[in-house]
Amino acid sequence: MEILPLTTERLVLRRFAQHDLPTFSDYRNKPEVARYQSWSSFSEEDAAAFFEQQHELAFDTDDTWFQIAVERKGDAVLAGDVAVHFFDGGRQAEIGVTFDSTCQRQGYATEALSRVINVLFDDCKKHRIVATVDARNDSVVRLLEKQGFRREAHYRENIFFKGAWSDEYSFALLAHERRAG
C-alpha cells in the first residue's frame with residue numbers, strides 16, 4: 001500500500017529523496033537532536049546506507065522500520081522525520097520522531113505525528129501504536145500525551161545508554177481510544 005505523500009496544513013510527509021541526505025545527516029549530528037536517540041553521530045555514509053535500505057521499502061511491511069520525511073510546504077525545508085516500526089503480523093506499530101532543533105517547538109512534530117497516527121489507525125487498521133521514550137525527554141512525553149497516548153510503564157534504569165543508566169517510559173494508544181477521544 002502506497003500512502004505517501006501525505007499533507008497537512010503546513011507539511012508534506014513523503015519518502016526520503018537522495019537530495020535530503022545532507023540535511024538529514026546534519027540535523028541527526030546535532031548533539032541536542034541525538035541526545036535521546038540511539039546514535040551519537042550520523043555520517044554521510046550512514047545517511048547513504050539509510051537511503052539504500054529505505055528507498056524501495058514498502059510502507060506497512062511487518063518487521064521493518066519505515067522513515068517518513070517531513071518537509072515544510074512553504075520552503076521545502078526538511079524539518080525532521082517520523083519513524084514507524086511495523087510488527088505483530090500487521091496489527092501493531094511503534095512510532096518515533098526526530099526533528100531538527102531549528103524546527104522544534106513550532107508544532108511540526110504534533111502536526112506530522114497526528115497525520116501518521118490517523119493513517120496507521122484508519123488506513124492501515126492497526127490495533128495499537130506504542131512508543132518508548134527516554135524518561136528525561138519531556139518534549140516527546142508531552143507530544144505523546146497530547147496525541148492521547150497513555151503511559152503504561154516506567155522502566156527504572158533499564159538501559160545503559162550513552163555511558164549511564166537511564167529510565168524509559170512505555171506509551172500506547174489503542175484504535176478505539178483514539179476514536180473515543
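## A parallel pair in the sheet

Let's start with two neighbours: strand 5 (residues 92-99) and strand 6 (residues 128-134) run parallel and are joined by three bridges. Within this pairing, Glu94 has Val130 of strand 6 as its bridge partner. Keep in mind as you look around that this is a predicted model.

Zooming out, the sheet is an open one of eight strands, ordered 1-2-3-4-5-6-8-7, and its pairing is mixed. At the edges sit strand 1 (6-7) and strand 7 (150-161), each of which pairs on one side only. As a reminder, strands of a sheet pair through backbone hydrogen bonds, either parallel or antiparallel.

Nine of its 10 residues are buried, so strand 4 is largely enclosed by the rest of the structure. Strand 4 pairs with strand 3 in the antiparallel sense over eight bridges, and here Glu71 stands opposite Leu78 of strand 4. The two strands make a hairpin with five residues between them, and in its turn Ala76 has a positive phi of about 60°.

Strand 4 also runs antiparallel to strand 5, and eight bridges join the two. One of the bridge pairs is Val82 with Val97 of strand 5. This hairpin has four residues between the strands, and Asp88 takes a positive phi near 65° in it.

## Helix 1 against helix 3

Now for the helices. Helix 1 (residues 21-29) packs on helix 3 (residues 44-54) at an angle of about 120°, with the axes 9 Å apart. That angle makes helix 1 oblique to helix 3, and the crossing is right-handed. On the helix 1 side the contact involves Leu21, Phe24 and Ser25, which meet Glu44, Ala47, Ala48, Phe50 and Phe51 of helix 3. Sorted by class, the contact has six nonpolar, one polar and one charged residues.

Which residues of helix 1 are buried? They are Leu21, Phe24, Ser25, Tyr27 and Arg28. An α-helix has 3.6 residues a turn, so residues three or four places apart point the same way.

## Backbone details worth a look

Most residues other than glycine have a negative phi, and most peptide bonds are trans. With that in mind, a few spots in the backbone deserve a visit. The peptide bond from Leu4 to Pro5 is cis, with omega near 5°, and Pro5 lies in the segment before strand 1.

Arg105 has a positive phi, near 60°, in a residue other than glycine. You will find Arg105 in the loop between strand 5 and helix 4 (108-123). Is Arg105 buried or exposed? With a relative accessibility of 76%, Arg105 counts as exposed, because the cut-off for exposed is over 50%.

Lys125 has a positive phi near 60° and is likewise a residue other than glycine. Lys125 belongs to the loop between helix 4 and strand 6, and with a relative accessible area of 61% it is exposed. How many residues apart in sequence are Lys125 and Thr98? The separation is 27 residues, and their C-alpha atoms are 24 Å apart in space.

How values were computed:
Residues numbered from 1 in each chain as written. Predicted model: local features only at pLDDT ≥ 70, side-chain atom pairs only at ≥ 80, totals over all residues. Heavy atoms only, no water. Pairing = 2+ DSSP bridges. Axes fitted to C-alpha atoms, helices over the stretch in contact; angles between N-to-C directions. Parallel < 35°, antiparallel > 145°, perpendicular 65-115°, else oblique. Left-handed = near helix turned anticlockwise from the far one by under 90°. Contact = heavy atoms within 4.5 Å. Nonpolar A, V, L, I, M, F, W, Y, C, P; charged D, E, K, R; others polar. Buried < 20%, exposed > 50% of the residue type's maximum accessible area, 1.4 Å probe, protein only.
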